[in-house]
Amino acid sequence: KKNKMGRSPIVGGNWKCNLDNAGVKALIESLNGMDCAGCEVVVAPVALHIPAAVAGLKKDIAVAAQNCNFKGNGAFTGECSADQIKDAGCQWIVLGHSERRQYFKEDNEMLKTKLEYALSKGMKVIFCIGESLEERNAGKTLEVCKSQLEPVKALLNADTVVIAYEPIWAIGTGVTATPEQAQETHKEIRDYLATVDAGMAAAMRIQYGGSANAANAPTLSACPDIDGFLVGGASLKPEFGDIIKAIAAAKK
């Protein structure tokens with residue numbers, strides 16, 4: 001269901017490198033009890049847990065991989081191809097998460113290759129961008145976000161891509177951008193996208209991804225340029241349902 005801006009809210013749950021089989025089973029049961037009305041919901045388990053999630057989750061909840069190879073099957077030890085991810089029942093792939101960029105040295109060029117490849121295989125992508133605390137303090141927030149979007153701007157289509165803005169300084173730190181800070185950056189990102197294509201910018205869903213939780217979701221959801229959340233730690237807890245409800249209510 002689309003709001004007056006024509007954008008339907010979307011909440012992603014990034015499970016990161018968490019849970020064992022028993023934990024996945026319990027989380028699936030919890031998710032199946034959540035009200036997802038008025039909001040698109042996607043969860044991203046560890047690759048090993050994708051089959052259990054696809055088999056166990058109700059149809060209102062889509063499944064994403066947390067990463068993807070940069071090309072198809074072959075001699076790429078440790079990787080999963082988009083073909084395999086699709087074959088496993090996923091509709092989505094998360095790309096460019098700050099942890100991938102930071103710990104696994106995925107740069108803008110590699111992420112462009114991955115995005116192009118994933119989209120060519122008919123996958124939808126949550127594409128993550130965001131700045132560090134040093135960059136924010138230096139007033140470089142928009143500059144960094146633009147530098148991450150510039151290489152992929154020709155691939156951005158609101159039907160197949162969602163942008164997740166993650167202020168790295170607010171991920172897992174318990175520090176959240178204020179609604180004013182978040183809205184300001186989301187609007188700046190949308191304004192930049194409008195220089196690429198005004199129609200795409202208006203339709204593009206931009207998720208907030210910095211320590212979103214049940215307490216701050218309602219005020220963040222009220223911001224006009226926040227179209228959803230990419231939730232980390234809280235996606236493993238019952239409050240994930242409260243975050244879904246908050247954005248669904250705000251974007252009615």
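Trainee: Is Cys 39 buried or exposed?

Mentor: Keep in mind that this is a predicted model. The cut-off for buried is under 20% relative accessible area. Cys 39 comes in at 10%, so we call Cys 39 buried.

Trainee: And which cysteine sulfur is nearest to that of Cys 39?

Mentor: A disulfide needs two cysteine sulfur atoms within 2.5 Å. Cys 39 has its nearest cysteine sulfur 7.5 Å away, and Cys 39 is in no disulfide. That nearest sulfur belongs to Cys 36.

Trainee: What about Cys 68, buried or exposed?

Mentor: Cys 68 isn't in a disulfide either, with the nearest cysteine sulfur, that of Cys 80, 8.2 Å away. Its relative accessibility is 1%. With the limit for buried set at under 20%, Cys 68 counts as buried.

Trainee: How many disulfides does the structure hold, then?

Mentor: The pair would have to sit within 2.5 Å. Cys 39 is in none, and Cys 68 is in none. For the structure, the count is zero.

Trainee: On to the strands. In what order do the eight strands close into a barrel?

Mentor: The pairing is parallel, and neighbouring strands are turned by 30° against each other on average, ignoring direction. As one example, β1 (residues 10–14) pairs with β2 (residues 40–44) over five bridges.

Trainee: Which residue in β2 is the bridge partner of Ile 10?

Mentor: Ile 10 falls in β1, which covers residues 10–14, and β2 covers residues 40–44. The bridge partner of Ile 10 is Glu 40.

Trainee: Which helix lies across β1, β2 and β8?

Mentor: Look at residues 239–250, running at about 160° to β1. The β8 strand in question is 228–231. The helix is α11.

Trainee: Now the spaces. Which element gives the largest share of the lining of the largest pocket?

Mentor: That pocket holds about 650 Å³. Among its 25 lining residues, those closest to the centre are Val 46, Ala 47, Gln 66, Asn 67 and Arg 100. Two or more lining residues come from each of α2, α3 and α4. The largest share, three residues, is from α4.

Trainee: And which element gives the most to the lining of the largest cavity?

Mentor: The cavity has a volume of about 30 Å³. Its lining includes Gly 12, Gly 13, Asn 14, Val 42 and Ala 44. The elements giving two or more residues are β1 and β2. With three residues, the top contributor is β1.

Key:
Residues numbered from 1 in each chain as written. Predicted model: local features only at pLDDT ≥ 70, side-chain atom pairs only at ≥ 80, totals over all residues. Heavy atoms only, no water. Buried < 20%, exposed > 50% of the residue type's maximum accessible area, 1.4 Å probe, protein only. Pairing = 2+ DSSP bridges. Helix = DSSP H or I, 4+ residues; strand = E, 2+ residues; numbered from the N terminus. Axes fitted to C-alpha atoms, helices over the stretch in contact; angles between N-to-C directions. Contact = heavy atoms within 4.5 Å. 1 Å grid on protein atoms, 1.4 Å probe; cavity = no way out; pocket = protein on both sides within 12 Å on 5 of 7 lines; lining within 4 Å. Points joined across faces, edges and corners; volume = space filled by probe spheres on them.
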